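Please read this briefing with the sequence and the model open side by side. It goes topic by topic.

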Amino acid sequence: MNFGTTQVIKDLSFDVYPGETFGLLGSNGSGKTTTIRALLGIYIPAAGTLHINGHPFEPTQSGELGYLPEERGLYKKETVLDTMVYFGRLKGMTAAAARTWSLRYLDQVELADKPKVRLDKLSGGEQQKVQLGVTIMNNPRLLLLDEPTKGFDPVNRRLLMSIIEERKRAGTTIVMITHQMDDVERLCDRIILLKDGVRHAYGTVEEVQEQYGGTTVKIEADQPLPASASYTILTDEHGHSEIALTAGSSASAVLNELVNQGITVSSFTPGRRSLESIFIEVYGRKEVD
Amino acid sequence: MARGNVSTVVSFEVIRTLRTKVFWVGSLLGPLLMVFIMVVVSLSSASASDSSSTVDQSFRFEWVDHSGLVDSSIAEAAGGTEVLDAAQGVADVRAGTVDAFFEFPANPVKDPIQVSAQDQGVVNSQSFSGVAAQVLRASASVQVGNTTLITLVSGNIPTTLTTYKDGQQTPGIWGAIPPLAFIALFFIIVIMQGNRMLAATLEEKENRVTEMILTTIKPTALLTGKVIALGVIGLIQALAMAVLTVIAAVVLMQMGAVASIDLSKLVFQPVPLIFGALILIGGFLLFTSSLVAIGAAMPTVRDAQGMYATVMLLLVIPIYVVMFTLTQPSNPVVVVCTFFPWTSPMVAMALNALGVLPWWQSLIVVIILFATTTVVFFIAARLFQYGSVEYSKKLNIRTVLGAKSK
């Protein structure tokens with residue numbers, strides 16, 4: 001994918017399997033949204049296509065795909081219901097079916113009293129809910145969600161995530177761009193990390209965690225941890241640390257090492273490395289900030 | 001599904017436009033304003049007629065006649081009194097004892113009548129000159145004594161014209177009126193729908209809807225739906241205006257505010273009507289596609305206004321060229337404007353209606369219009385697709401057209 005003479009996405013290819021939730025991760029400007037736009041033909045790529053079930057994607061297959069773009073917006077002068085019915089019809093539903101589905105969805109997201117209200121009279125969060133409704137109309141088999149929780153308060157974020165989880169349970173394939181690593185760990189089966197338009201890591205969440213240090217330990221101690229050949233310090237702030245064990249070392253050996261050095265350890269929790277620390281390592285704290 | 005989506009776009013766009021008050025106010029305000037103006041003009045005329053007769057009765061003037069043509073009885077009936085001295089007449093006007101003084105020269109054909117009068121304002125004071133001329137004209141008519149000769153000399157000679165083409169009688173102006181109506185229809189639709197055409201794609205960009213909608217419908221299908229919707233809306237608007245205009249015309253005719261027209265004299269000739277309709281459709285599609293392309297290339301309505309004005313200018317300029325078509329249909333300016341796509345609709349429709357555009361030239365015009373429309377339409381679709389997420393930048397058309405097709 002090129003913009004002028006600048007190559008933004010370079011030879012990127014990945015598979016998303018039916019029914020899985022796939023995380024497309026990367027820092028700002030790493031090419032996530034551009035990748036999605038190129039796949040959908042919104043940007044014209046130098047090469048490459050999106051294949052769904054082995055067939056190149058066409059907008060006429062829109063019933064199979066639901067897309068929630070990063071840049072949100074709907075017809076602001078139209079009512080909620082008219083807008084939803086319009087998109088439902090574009091996605092292949094009859095007007096009556098789109099209407100019934102929309103009213104049921106509006107009830108689910110606590111907008112049951114707003115179908116006749118113009119969109120520009122709704123709050124930002126309410127508009128987001130309508131936009132999500134438009135995205136998942138007609139039960140698409142593939143959902144592309146670009147930062148789905150952007151602009152949501154914590155309550156509505158939980159509501160939105162429950163809807164996404166509901167779609168996941170229903171067998172919908174979901175591709176999600178997000179910076180919320182806890183959502184990724186909870187929902188995603190596999191992930192890809194993009195950096196400067198290039199694939200940096202790709203696989204199941206566990207595989208990527210393994211690739212970036214496998215076992216980690218979260219430690220609460222009374223002083224900063226010293227450097228050691230047994231581990232790599234991932235984060236160390238205000239007595240809360242996360243370390244990655246190096247090959248051949250074990251959690252119990254590291255605990256003994258710390259205690260022998262006179263460090264008081266109040267909490268010692270082995271586990272897998274968090275995606276957040278991997279993210280920070282890959283993109284660098286400055287870039288992420 | 002694509003065809004279904006086009007009809008979905010058409011119905012969505014048409015219904016939401018018809019629901020707006022702005023549409024109906026815009027459609028009906030024009031004819032209502034026209035009726036209002038005609039009623040006011042009619043009432044003013046009646047009032048002026050009444051007041052002019054009042055002036056005649058109260059008008060007092062003096063005159064001196066060096067020509068010997070003025071009939072004393074006519075002048076006196078009009079409120080005049082003959083005096084022998086021009087200086088006395090002027091002095092009486094200055095003193096305010098009379099309203100006016102006319103000095104008829106020895107040779108009225110060569111020299112003007114000298115009129116001195118009380119100042120009634122620039123416009124009203126002209127009536128004194130009118131009365132002076134009328135007194136002389138009426139006096140001259142009495143001397144001629146033959147009303148036929150008077151009518152002929154005054155140049156008021158009625159004629160009837162019958163024309164033939166290929167041995168067949170042609171309908172003349174009554175055959176030209178129906179196809180000429182296409183010009184009015186075209187002009188009204190484009191002028192009234194222009195902003196809506198421009199906003200057709202800008203709305204999606206300004207509201208950030210393009211990304212989402214382009215995953216449900218191809219840009220060409222979306223634009224096709226929008227163009228068809230604009231045509232339907234334009235026809236509904238023209239129909240609403242026509243109905244109101246007809247109702248107003250009937251009312252005004254019954255009031256006597258406008259002269260009655262015998263519509264049964266209209267002749268509907270198939271060939272000019274067919275070509276007129278095709279040029280109308282081609283012209284509408286071309287202007288719509290052009291404005292849609294501008295909307296697709298620009299980030300906001302404000303940015304698009306400059307280009308919009310240029311396209312609208314191409315609609316207005318031919319109005320002046322149409323004047324030429326009546327007198328000089330072979331003028332090079334007329335010829336160029338007939339075949340230049342953006343000026344062609346107005347000029348070609350006029351020439352077609354007046355019967356000076358051969359059928360094969362009409363056909364060329366139609367082909368040019370539809371071919372240009374096709375090119376502009378696909379450029380518009382390309383601009384819309386490529387520029388759909390350029391929410392704040394103007395597009396570089398060369399870059400867009402040079403980009404590799406997907």
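**One leucine, one helix, two chains**

Leu315(B) sits in helix 11 of chain B, which spans residues 301-327. The model is predicted.

- Leu315(B) has 19 other C-beta atoms within 10 Å. A residue needs 20 or more to be buried, so Leu315(B) counts as partly exposed.
- Which residues does Leu315(B) touch, leaving out those up to four places away in sequence? They are Val190(B) and Phe287(B).
- Thr343(B) lies 28 residues from Leu315(B) along the chain. Their C-alpha atoms are separated by 6.5 Å.

**Helix 4 of chain B**

- Helix 4 of chain B covers residues 86-95, and its buried residues are Gly89(B), Asp92(B) and Val93(B).
- Viewed down the axis of helix 4 of chain B, these buried residues fall within an arc of 100°, so they line one face of the helix.
- An α-helix has 3.6 residues a turn, so residues three or four places apart point the same way.
- What do the buried residues of helix 4 of chain B pack against? Their partners are strand 1 (61-65), strand 3 (100-104) and strand 4 (114-117) of chain B.
- Ala87(B), Arg94(B) and Ala95(B) are exposed, on the face of helix 4 of chain B turned away from its buried side.
- Gly96(B) follows helix 4 of chain B. The phi of Gly96(B) is positive, near 80°.

**Layout of chain B**

- Chain B contains 15 helices and 6 strands.
- Chain B has 406 residues, of which 33% count as buried.
- Two domains are assigned in chain B. Domain 1 takes in 2-30 + 172-402, and domain 2 takes in 59-153.
- The C-alpha centres of domain 1 and domain 2 of chain B are 56 Å apart.
- Among contacts in chain B with a separation of 6 or more, 73% join residues 24 or more positions apart.

**Confidence in chain A**

- Chain A has a mean pLDDT of 84. In chain A, 93% of residues reach 70 or more.
- Which element of chain A has the lowest mean pLDDT? That is helix 10 (residues 285-288) of chain A, at 48.
- Helix 3 (residues 95-108) of chain A has the highest mean pLDDT among the elements of that chain, at 95.
- Where pLDDT is low, the predicted coordinates should not be read in detail.

Conventions:
Residues are numbered from 1 along each chain as its sequence is written. Chains are lettered from A and ligands numbered from 1 in the order in which they are written. This is a predicted model: local features need pLDDT of at least 70, side-chain atom pairs count only at pLDDT 80 or more; totals for chains, interfaces and linings use all residues. Domain bounds come from an automatic or database domain assignment. pLDDT is the predictor's confidence in each residue, from 0 to 100. Helices (H or I, at least four residues) and strands (E, at least two) are DSSP runs, numbered from the N terminus. A residue is buried if 20 or more other C-beta atoms lie within 10 Å of its own, exposed if 12 or fewer, and partly exposed in between; C-beta atoms are placed from the backbone. Two residues are in contact if their C-beta atoms, placed from the backbone, lie within 7 Å. The arc is that of the directions from the helix axis to the C-beta atoms.
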